[in-house]
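Here is a short briefing on one protein model.

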Amino acid sequence: MAVMAIAMTFVLSAGEIDLSVGAVAGLASVVVAMGMDIGGPVFGVIAGLSAGLLVGTINGLLTTRVGIPSFLTTLAMMGIATGTAMWISDTKAVPIIEQGYAWLFGGGNVGPVPVLLYWTLIAGVIGHVVLKKTTFGRRVLATGGGETAARYSGIDTRSIKFRVLLISAMAAAIAGMLYAGRLQSGRFQLGQGDELSVIAACVLGGTSLFGGMGTVVGTIVGALM
């Protein structure tokens with residue numbers, strides 16, 4: 001969940017919202033499991049990431065180019081992603097027998113430390129540096145703090161919003177792959193309801209629902225709470 005929460009910090013900081021993350025995680029878990037049955041672990045990982053890329057692109061285009069509010073866009077995508085996962089899996093769990101994948105994506109330990117903790121730490125460090133130390137992060141916060149002012153200052157706010165929605169969907173896909181590795185199966189139910197927990201973690205950590213303010217470190221603390 002922490003991986004999705006870190007990405008959601010960027011979405012909320014830019015003044016948008018993504019309600020489809022839980023459903024995308026479930027879809028990605030099914031896609032990666034089915035992909036491994038077809039072409040092995042590498043193909044499965046590529047298929048899972050491609051599912052997130054496709055969803056994020058659709059969410060971003062509908063929000064920034066068509067002008068549909070992200071609340072409605074991602075709410076609709078939540079139903080579409082869940083329905084697609086149920087359809088392609090026939091509502092059944094798809095087993096994962098590849099032990100190397102299961103170890104790397106959530107099921108293993110390095111000494112006494114679970115691999116999932118390393119995923120969280122890596123995502124947290126990258127998210128914190130990008131949000132606080134890069135031009136992109138400053139533009140995300142500026143877009144959420146005042147879109148009109150940001151646009152007049154030369155920031156392509158539509159591009160910023162497209163990219164944060166894309167990042168959110170990709171993070172949800174990775175979270176779904178971690179679910180699948182941890183439970184050694186892909187299921188459409190994985191991730192259901194996570195969108196509310198993810199948003200709550202961000203808000204508890206100090207990210208504003210109205211944009212312009214976000215902290216990855218606070219989000220991780222909120223996820224632990």
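What share of the contacts with a separation of 6 or more comes from residues 24 or more positions apart? The share is 75%, where contact means heavy atoms within 4.5 Å. The model is predicted: local features need pLDDT of at least 70, side-chain atom pairs count only at pLDDT 80 or more, and totals for chains, interfaces and linings use all residues. Numbering starts from 1 along each chain as its sequence is written, and side-chain values use heavy atoms, without hydrogens or water.

**Fold and dimensions**
- The protein has 10 helices and four strands, taken as DSSP runs (helices H or I, at least four residues; strands E, at least two).
- From the N terminus, the order is α-α-α-β-α-β-β-α-α-α-α-β-α-α.
- The radius of gyration is 17 Å, close to the 17 Å from the globule rule for 225 residues, so the protein is as compact as a globular protein of that length. The radius is taken over C-alpha atoms, and the rule is 2.2 Å times the number of residues to the power 0.38.
- Along the principal axes, the C-alpha atoms fill a box of roughly 55 × 40 × 25 Å.

**Burial**
- Of the 225 residues, 50% are buried (under 20% relative accessible area, 1.4 Å probe, protein chains only).

**Helix pair α1 and α8**
- Helix α1 (residues 2-13) packs on helix α8 (residues 157-183) at about 175 degrees, with axes 8 Å apart. Axes are lines fitted to C-alpha atoms over the stretch in contact, and angles run from 0 to 180 degrees between N-to-C directions.
- The two helices are therefore roughly antiparallel (over 145 degrees).
- Val-3, Met-4, Ala-7, Phe-10 and Val-11 of α1 meet residues of α8 including Val-164, Leu-165 and Ile-167.

How values were computed: Parallel < 35°, antiparallel > 145°, perpendicular 65-115°, else oblique.
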